[in-house]
Amino acid sequence: MTARAGQAPRARAIRLGPRSVIALALVSAIGVAAFGWPFLAPPDSRLGAHAQDAPWLFAGLLVLLVAVVSATIAESGLGPKAVAMLGVLAATGAALRPIGAGTAGIEPMFFLMVLSGRVLGPGFGFTLGSVTMFASALLTGGVGPWMPFQMLAMGWFTMGAGLLPGPDRLRGRGETGLLAAYGFFASFAYGTIMNLAGWPFMGALASGIAFDPHAPVPANLARFLAYCAATSLGWDTGRAVVTVVLTLTLGPTVLKALRRATRRAAFETAVTFEPR
């Protein structure tokens, strides 16, 4: 009998198991309701009068997020090296986030989330995005009722990169361009989604861009778009530009390093035995 190792494995995305898919679908559905209730609730709803109850919703959402993360790690068959990679990437992203804090849109962590989600797949990507935002909140002291929303939005952001087409075939400039385009539009999407977390609770400002629980959906949609343009458009633009620039300049090198690390950490070569 002689032992012969197989060919060097390719870096493959880590797949979600059935229970993880169900948990992710559940928390995403609750997240959509939590973010979008101003447009889902009828004008005569009394939800707007229960803003003080929001922290309880946030706490429940956080519990579900932790459950999704745990289920993904437990069911995806991650070995200790892959879990260590998750920790390293999350720590790196958390360390990158404070860079440029207070400066319009300089948030280099977003480009790392895009590339990591691309290489490691949507399941690992959602886990990484959530854990990174959690670690960042602990690092910067940003723990608050907004944190579960940030975790969910960043999980979606990173997961989306793992759902892009051609993970096994598209390489080179085509892949880099695809990731840069995704990072550009997803950066605006992230900012828009996060605006929904705070916009319904600024009614005390009596502003023309605040949420009006008695107004119809088209009127509130116009108010929300005005709110986004007035408060976060500049920041979101800066984030999108920084993500594109870093993806185009550093993307090929980082993608190669991530794929090499993935082959070594998460996917071990099987050993087969053949008779002489």
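**Setting up.** I am working with a predicted model, where local features need pLDDT of at least 70, side-chain atom pairs count only at pLDDT 80 or more, and totals for chains, interfaces and linings use all residues. Residues are numbered from 1 along each chain as its sequence is written, and side-chain values use heavy atoms, with hydrogens and water left out.

**α5 with α6.** I looked up helix α5 (residues 147–162) and helix α6 (residues 173–198), and found them packed at an angle of about 160° with axes 10 Å apart. Helices here are DSSP runs (H or I, at least four residues), numbered from the N terminus. Axes are lines fitted to C-alpha atoms over the stretch in contact, and angles run from 0 to 180 degrees between N-to-C directions. α5 and α6 are therefore roughly antiparallel (an angle over 145 degrees). Next I listed the contact (heavy atoms within 4.5 Å): α5 brings residues including F149, W156 and F157, and α6 brings Y182, Y190 and I193 among others. I sorted the residues of this contact into twelve nonpolar, three polar and no charged. Ala, Val, Leu, Ile, Met, Phe, Trp, Tyr, Cys and Pro count as nonpolar, Asp, Glu, Lys and Arg as charged, and the others, Gly among them, as polar.

**α6 with α7.** Then I turned to helix α7 (residues 217–231), which packs with α6 at about 115°, the axes being 10 Å apart. That makes α6 roughly perpendicular to α7 (65 to 115 degrees). Here T192, N195 and L196 of α6 meet F224, Y227 and C228 of α7. My tally for this contact is four nonpolar, two polar and no charged residues.

Notes: Helix = DSSP H or I, 4+ residues; strand = E, 2+ residues; numbered from the N terminus. Parallel < 35°, antiparallel > 145°, perpendicular 65-115°, else oblique.
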